Amino acid sequence: MKIISDRGNFQSIKLLIAAKTSCIDVKFTVVKPNELIVPYLTEHKLPILEVKPDKYLFSVNAAVRLLLTSTGIESNSMEIDEWLEWESSQLLPCVLSVLFGMVELNTKNGKHPESVLQPILNHLNLYLHNRKYIVGDKLSSADVAIFGTVYPLMMALLLKDFSNITSWSQRLLTTSSFQDAVFLVTNNEGPSCFKVTKALTEEEIDAAFKSWKTGDSHSTRLKDRNHPILPKEGERNLLIASALPYVNNVPHLGNIIGCVLSADVFSRYCRQRNYNCVYICGTDEYGTATENKAMEEGLTPQQVCDKYNKLHTQIYDWFNISFDYFGRTTTKEQTKIVQDIFWKVYNEGYVMRDSVDQLHCEKCQRFLADRFVNGICPMCSYDDARGDQCDRCGKLINAVELIHPKCKTCKSTPTVKSTEHLFLDLPKLEPQLRNHLDKVFESGIWTHNAKVITNSWIRDGLKPRCITRDLKWGIPVPLEGYTDKVFYVWFDAPIGYISITANYTQDWQQWWKNPQNVELYNFLGKDNVPFHSVIFPCTLLGANDNFTLVHHMVATEYLNYEDTKFSKSRGTGVFGNNAKDTGIPADIFRFYLLFVRPESQDTAFSWDDFLLKNNSELLNNLGNFVNRGLAFVSSSFGGVIQEIHLTENDIQTVALINRELQTYINNMENTRLRDSIRNILNISRLGNQMMQSNKPWVLVKGTAEEIARAGSVVSLAANICCLLSVLLHPYMPTTSDTIRYQLNIRTDDMVIHQHFISTLKPGHEIGKPSPLFQKIEVSTIADLKEKYKGKQSAEKVTQPKTDKSIAMTVGISEASDSEIVSLTDEATKQGDVVRVLKSQKAEKSKIDVEVAKLIDLKKRLSLAQGIDPTTANKKKGKKK
């Protein structure tokens, strides 16, 4: 048999996969695009399968079906045939319209061609939830056909919001038949070779040429940063804060990408743009969790904080997180500032007094926080349920509802007593908060989930929030009658941003009481949103002391581990201190975590994908280009940059790079960090394509004119490497520095300019080139997967979530807020399911089932927020 195709025809991927999967010896022949192969055809038709001499099969899907069924790999199946029909009649036409539409962005109806594809991908994405293959439990023609059609979209970023399709595609790509087929068709360039680029305009070409020639004459240098950094009049002053990690445990990769790493990338970018910025963070050290950890380890709370603060610091140092200051909340400044803000809020009339029922241990002579009591779950009868949640059924519990509760310290039976607490009067502060949010929603950068979660809190009106606890480990409440209590950790923890800044500089008020000149960025996970968007701003507004309030909120979704959750107790997943033990450089972990950063929906860390991204994107694309270009300058031109004479094709390459640079900057300004890393890889691909089309290794053996051309090509390549070093620095700082050393350029050359300019001039001597990355072997990944898989009983994240909202805890539960976030997220996703079904005009019975689920989720969300009047406790003094 023979597969006949033109170069870069993505439909030929299907035929090659089927042939290689079936182990059929098939010859792959590449012909010219318009070459007529079949004499009796009046129109060009490729690819085709020549079954026998002069016997052709023109339907690609039919050919795939033939190859797989002829060897017994699959049998006739109506379900497979239905999917093949769907692919050819619905999916493929839309993909083709999008690929060709990238040239002409406006369709007849004025819609971007991507919108045509959206409902088709939604349908496929929903279907692939919890599925390894399209049909049954093994590979079929349906997988091959659909993969071959969606593969070109991977580089166009059209699959970034469809996690199930992405996971399914990446899983298939780990098999040799898929890898070999893609390699052969794309010439190892990956999906980018299918991308139909929007035609360059004359304005783009002229601007690129002008900036290349004159950019260096007015380019700026990277400014020195002298600490302490303070706001400057007339400059853009950015205060960047990542969520304070709890000190009582080791952060896992999901924690790291969710706050400190994302903020680090953005802060590094801001420095390279010469913005006046400061990046602060620290460990959150007070509260029940720390006190409980101290009991477990037989240490004092302070000893636990000292131990884990050191561990956190070591982990972030290894990941090369460039804080301007990393502090902690157990400081004198924290106590002073928290109590000062409390008095201001109290004196302004925004603090209420009320009582709640709580378990009290007579033997220990104290009220028991939720985590200090266990008993029998009132829902599933599990005999070791915690006072806040049952580990077996997953439901949240009000501690006073436990059957046969026991004090975890002395094992005696506690009694229910009423205790007085202080509450932040959120309803009274709500008008001021709404006014602030209206402004920053309009002018600031808020991720979609941050807006949705915030709006869900204030939609039906805010409720008073308890800000005190019956604990010993915390900041003492200075009000008479409450001095035996401490402040609730979520009242004092955000104030830690202020106190940490105060430990950084005595002039901290220039950052925190300067809202007119300072922009506050919060980087955090979605479960922390309401505390930063509602409670903390209300606290500062209540203080009425001209505090700087959040202007930008960048929240991630959750990063899972393979097909389950990170779990320290079960040994599942890679935690911060494990990453170093793998022997894989920190930059590789940074790159991959940012490549799969959960920006719009949950994503997963996958070892197979980790290997694929390292070996393809880093080693074969980026590393190959940089090493090949610089090695050629070194070996053929003595390491000296030559005169660069731009041809028409060179100018187009410069213009395309300029376009990627502009998109990179736009993405970074809008904190789309995952997208910007694609721009870097695209620039590298453009460099590889330039080298490949000019073949300087051939030119250098020719005439003097050809040798000069070779020098021009590789010197342009070296300048592209210089740009890559600059743009790569926020993501992979060590790799960026390595390229910089090899180029022999100064640190102040690392500024990110608005245009691609010529940095390396003729006569500049580069350093010694060397490979940037190493191949990761399959055996290494297999060992790591085994090492970090944890216990087999680990809970799968794909299991349906249990109803946790009906038993929401009252008054002082620390878990209820994250559950509200989770339910809000579920309701949003279920709403998408309903909309997709309606747009596809599905059967009414199917739509009704999904609508019922949505209604149920909304009811549960209302209950969780204490809105449903039938669940409210009408007794005075009780809080829901």
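Mentor: Helix 23 (residues 648-669) and helix 26 (residues 704-728) have axes that come within 12 Å and cross at roughly 0°, the axes being lines fitted to C-alpha atoms over the stretch in contact, with angles from 0 to 180 degrees between N-to-C directions. The two helices are therefore roughly parallel to each other (angles under 35 degrees). This is a predicted model, in which local features need pLDDT of at least 70 and side-chain atom pairs count only at pLDDT 80 or more, while totals for chains, interfaces and linings use all residues. Residues are numbered from 1 along each chain as its sequence is written, and side-chain values use heavy atoms, with hydrogens and water left out. Helices (H or I, at least four residues) and strands (E, at least two) are DSSP runs numbered from the N terminus.

On the helix 23 side, the contact (heavy atoms within 4.5 Å) is made by Asp650, Val654, Ile657, Leu661 and Tyr664, and helix 26 contributes Arg709, Leu716, Ile720, Leu723 and Leu727. Sorted by class, that contact holds eight nonpolar, no polar and two charged residues (Ala, Val, Leu, Ile, Met, Phe, Trp, Tyr, Cys and Pro are nonpolar, Asp, Glu, Lys and Arg charged, the others polar).

Asn744 follows helix 27 and has a positive phi, near 65°.

Turning to the rings, the model has 39 aromatic pairs (ring centres of Phe, Tyr or the six-membered ring of Trp within 6.5 Å; planes under 30 degrees apart are stacked, over 60 edge-to-face, the rest tilted). Tyr316 and Phe326 make an edge-to-face pair, 5.6 Å centre to centre with 70° between the planes; Tyr316 belongs to helix 12 (residues 301-318) and Phe326 to strand 7 (residues 325-328), ten residues apart, and both Tyr316 and Phe326 are buried. The rings of Tyr561 and Phe605 have centres 6.0 Å apart and planes at 10°, so this pair is stacked. Here Tyr561 in strand 19 (residues 559-561) is joined to Phe605 in strand 20 (residues 603-605), 44 residues apart, and Tyr561 and Phe605 are both buried. Both rings also belong to one aromatic cluster, which includes Trp318, Phe319, Phe589, Tyr592 and Trp607.

Note on methods:
Parallel < 35°, antiparallel > 145°, perpendicular 65-115°, else oblique. Buried < 20%, exposed > 50% of the residue type's maximum accessible area, 1.4 Å probe, protein only.
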